[in-house]
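Colleague: Could you take me through one part of this model up close, namely how its sheets are put together? Please spell out your cut-offs as you go.

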Amino acid sequence: MTVSRALKNPAQVLPEARARVEAAVAALGYVPSHAARTLASSRSRVVAVLVPSLSNEVFVDTLAGIQDCLGPAGYQFLIGNTNYSADKQAELVSTYLAHAPDGFLVTGIDGSGAIRQRLSAARVPVVHMYDLSRTPDEWSVGFSQQRAGFTLTKYLLERGYRRPGFIAAQLDPRTMQRRAGFRRALREAGLDPDVEILTDEPSSVGLGSKLLARMLEHAPACDAVFCCNDDLALGALFECQRRGVLVPGQMAIAGFNDLPPSAWATPSLTTITTPRYQIGFEAARLLLQILDGHPPERNHIDLRFALTPRESA
């Protein structure tokens with residue numbers, strides 16, 4: 001029993017006993033049978049995590065939060081990269097269900113009905129991250145992407161900018177919700193919401209530079225740019241500097257997510273600060289509560305966002 005505890009829940013075993021078990025495991029080259037453990041306990045102690053990118057720092061931070069919550073609880077997780085593709089998401093769900101995970105942490109609430117039905121039929125709990133579901137029987141942890149887009153746009157308007165434009169890449173559902181917030185704020189102000197440059201290309205700093213050039217060509221009167229993320233905003237800032245366009249004197253630039261370089265750019269970048277690490281940690285904690293048979297009082301946890309004004313707008 002002590003050996004079992006030392007392997008599954010090391011924190012429950014005294015350090016001396018744990019050291020003896022670890023020494024015996026090393027000497028014997030013993031590897032626990034995960035399949036046997038799953039059969040014996042009906043728990044795999046594995047969680048499947050689906051994110052749209054492994055190179056985007058936003059989701060790296062989220063994975064760190066998940067690790068910090070699941071690790072001490074004795075859980076491991078499988079990471080699936082959907083590449084912003086619904087088909088890839090469906091493929092990964094099928095693949096990971098074969099490994100009998102105890103639950104799923106899935107980025108977004110935009111998965112197909114077929115995926116939801118399959119997970120429901122498998123009786124595997126799912127917590128959605130980054131978006132807030134409106135469905136009572138779903139669990140989600142995140143914030144309102146549309147409200148964040150609206151808040152940033154209202155800030156630009158309050159600063160006196162009257163011809164703001166929107167630049168976006170990837171065009172995933174969260175980006176489009178930010179765009180919806182941008183458009184709502186402009187419509188309420190009686191301004192043109194159609195000053196925008198959209199592309200489904202993968203986002204990057206270099207692409208931000210190209211899209212800003214297109215914006216200046218498409219709408220030369222544009223006096224502020226809301227970029228759907230900080231990578232694009234930094235690229236837009238560099239393009240303005242290359243062209244001699246003063247920021248924020250002639251053009252205001254704002255981003256989204258508040259990645260570390262944003263605070264150190266010159267000028268520093270106005271942006272929306274998002275709770276990336278906390279989303280991962282709280283989503284994992286919510287899933288553990290569900291797995292332990294203690295459903296939380298709230299199915300949907302709003303971690304909110306913060307407007308971070310800096311020098312660029």
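**The sheets, strand by strand**

Modeller: Let's start with an open sheet of four strands, in the order β7-β6-β8-β9, with parallel pairing. Before going on, note that this is a predicted model, where local features need pLDDT of at least 70 and side-chain atom pairs count only at pLDDT 80 or more, while totals for chains, interfaces and linings use all residues. Residues are numbered from 1 along each chain as its sequence is written, and side-chain values use heavy atoms, leaving out hydrogens and water.

Strands (E, at least two residues) and helices (H or I, at least four) are DSSP runs, numbered from the N terminus. Two strands pair if DSSP finds at least two bridges between them. In general, strands of a sheet pair through backbone hydrogen bonds, either parallel or antiparallel.

Back to the four strands: β7 (196-198) and β9 (252-254) are the edges, each pairing on one side only. From one strand to the next, the twist averages 15°; axes here are lines fitted to C-alpha atoms (for helices, over the stretch in contact), and angles run from 0 to 180 degrees between N-to-C directions. β8 (residues 224-227) runs parallel to β9, with three bridges joining them, and A224 has A252 in β9 as its bridge partner.

Two helices lie across this sheet. Helix α7 (residues 145-158) lies across β6 (164-168), β8 and β9, at about 165° to β8. Helix α10 (residues 230-243) lies across β6, β8 and β9 too, at about 160° to β9. Contact, by the way, means heavy atoms within 4.5 Å.

Now the other sheet. Six strands form an open sheet ordered β2-β1-β3-β4-β5-β11, and the pairing is parallel. Its edge strands are β2 (76-81) and β11, each pairing on one side only. Neighbouring strands are turned by 20° against each other on average, direction ignored.

Let's walk along part of that order. Strand β3 (residues 103-107) pairs with β4 in the parallel sense over four bridges, and T107 has M129 in β4 as its bridge partner. β4 (residues 126-130) is in turn joined to β5 by four bridges, again running parallel, with M129 partnered by V141 in β5.

Buried means under 20% relative accessible area, exposed over 50%, and partly exposed in between (1.4 Å probe, protein chains only).

One more stop is the loop between β1 (46-51) and helix α4, where S53 sits. S53 counts as buried because its relative accessibility is 9%. Leaving aside neighbours within four places in sequence, S53 is in contact with F59, N81 and Y84.

Residues in the contact include V58, I66 and L70 from α4 and Y277, F281 and L288 from α12.
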